[in-house]
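Let's go through this one together, question by question. Have a look at the picture first.

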Amino acid sequence: ALILSFLSSNSNFGEYLIQHIFLIQSFFIDKEVYFSLNAPSWSISNEVFFYLLFPLIVFLNNRLKFILIFFGIILILYLNYSLKNELQHYWLYISPIVRFFDFLLGILLFNVFIFLSKNFYKIEGLKSYLEFLAILVFVLFVLFHDSIQISYRYSIYYWIPMILVILIFSLSSINGSSGVFGKLLSNKYLVWAGVVSVCFYLIYLFVITIGYYIVSKFNLNIDLLFMSLVMFVFTLILSGFAYKYVEKPLNRKIKEKLI
């Protein structure tokens, strides 16, 4: 009933469906487009664009990649300064053009990881301290985020803490023996939660929408905190099933076809 209600009230459904099938919705500046149907899938639209560019980018030498990152930072700073508030969310958060520099930074970060991994054994005894430092920097950035203009939080504010977290924890696990915090985060339940996180991200909005529809349809009086907990658990369970019976089998079949 919920789906039929949406279809009957949305004259642009066919157009939105085509955009989602080809995963191009994030290229449209209109919020009604990039947040249409399943809103979180705008990020998948970006990722497909990045994967298409990957064969072109990966073969560039590191100097050119750093030059691209430099101009990317200049562009992002200019957009932070010049854009009107109503345009900042799209251009600095949604747009695949600007988000591409996050992707490029990840490629460079891998190259830095390869370079540092050759000598990381020399500071083997500092793993736990470095992991703590990375977590501390991340926590500090989160605690003080309200004092930073939201457009910077959309774009480059979290680059430094995320670079530290990814790089340090990756280096720490090289020899199969992480520091104290790495071992805690390697708990099988946390690893499983990370594995199903993409499915969770893609279906949580459906669960919330259906949950509120049921509550309003039957005029149920449910405590908000309890309802949030039920939705979280239900989404987590659905994510586990989606990963095991959809994502994992499809991933295996695609690899069999391509490799």
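This is a predicted model: local features need pLDDT of at least 70, side-chain atom pairs count only at pLDDT 80 or more; totals for chains, interfaces and linings use all residues.

A positive surface patch is made up of Lys244, Lys248, Arg252, Lys253 and Lys257. Residues are numbered from 1 along each chain as its sequence is written, and side-chain values use heavy atoms, with hydrogens and water left out.

Q: Is Lys257 buried or exposed?
A: Lys257 sits in helix 14, residues 224-258; helices here are DSSP runs (H or I, at least four residues) numbered from the N terminus. Buried means under 20% relative accessible area, exposed over 50%, and partly exposed in between, using a 1.4 Å probe and protein chains only. Lys257 has a relative accessible area of 76%, so the word for Lys257 is exposed.

Q: How many aromatic pairs does a search of the whole structure find?
A: Rings of Phe, Tyr and Trp (its six-membered ring) pair if their centres lie within 6.5 Å. Planes under 30 degrees apart count as stacked, over 60 as edge-to-face and the rest as tilted. Searching the whole structure gives this number of aromatic pairs: 20.

Q: What is the angle between the planes of Phe110 and Phe113?
A: Phe110 and Phe113 are 3 residues apart in helix 7 (residues 96-117), so about one helical turn separates them. Their rings are 6.4 Å centre to centre, and the pair is tilted, with the planes at 35°.

Q: Why is the pair of Tyr201 and Tyr204 tilted?
A: Tyr201 and Tyr204 are 3 residues apart in helix 13 (residues 197-217), which puts about one helical turn between them. Their ring centres are 6.3 Å apart. The pair is tilted because the planes are at 35°.

Q: What is the relative accessibility of Leu23?
A: Leu23 lies in the loop between helix 2 (13-21) and helix 3 (31-34). Leu23 is not a glycine, yet has a positive phi of about 50°. Leu23 counts as partly exposed because its relative accessibility is 23%.

Q: Where is Asn219 found?
A: Asn219 is a residue other than glycine with a positive phi, near 50°. Its relative accessible area is 70%, so Asn219 is exposed. As for its place, Asn219 is in the loop between helix 13 and helix 14.

Notes:
Helices (H or I, at least four residues) and strands (E, at least two) are DSSP runs, numbered from the N terminus. Patches are made of residues with over 30% relative accessible area and no salt bridge: like charges are joined within 9 Å, nonpolar side chains (Val, Leu, Ile, Met, Phe, Trp, Tyr) within 5 Å. Accessible areas come from the Shrake-Rupley method with a 1.4 Å probe; for residues, only the protein chains shown count as cover. A salt bridge is a side-chain nitrogen of Lys or Arg within 4 Å of a carboxyl oxygen of Asp or Glu. Lys and Arg count as positive and Asp and Glu as negative; His and the chain ends are not counted. The place of a charge is taken as NZ of Lys, CZ of Arg, CG of Asp or CD of Glu.
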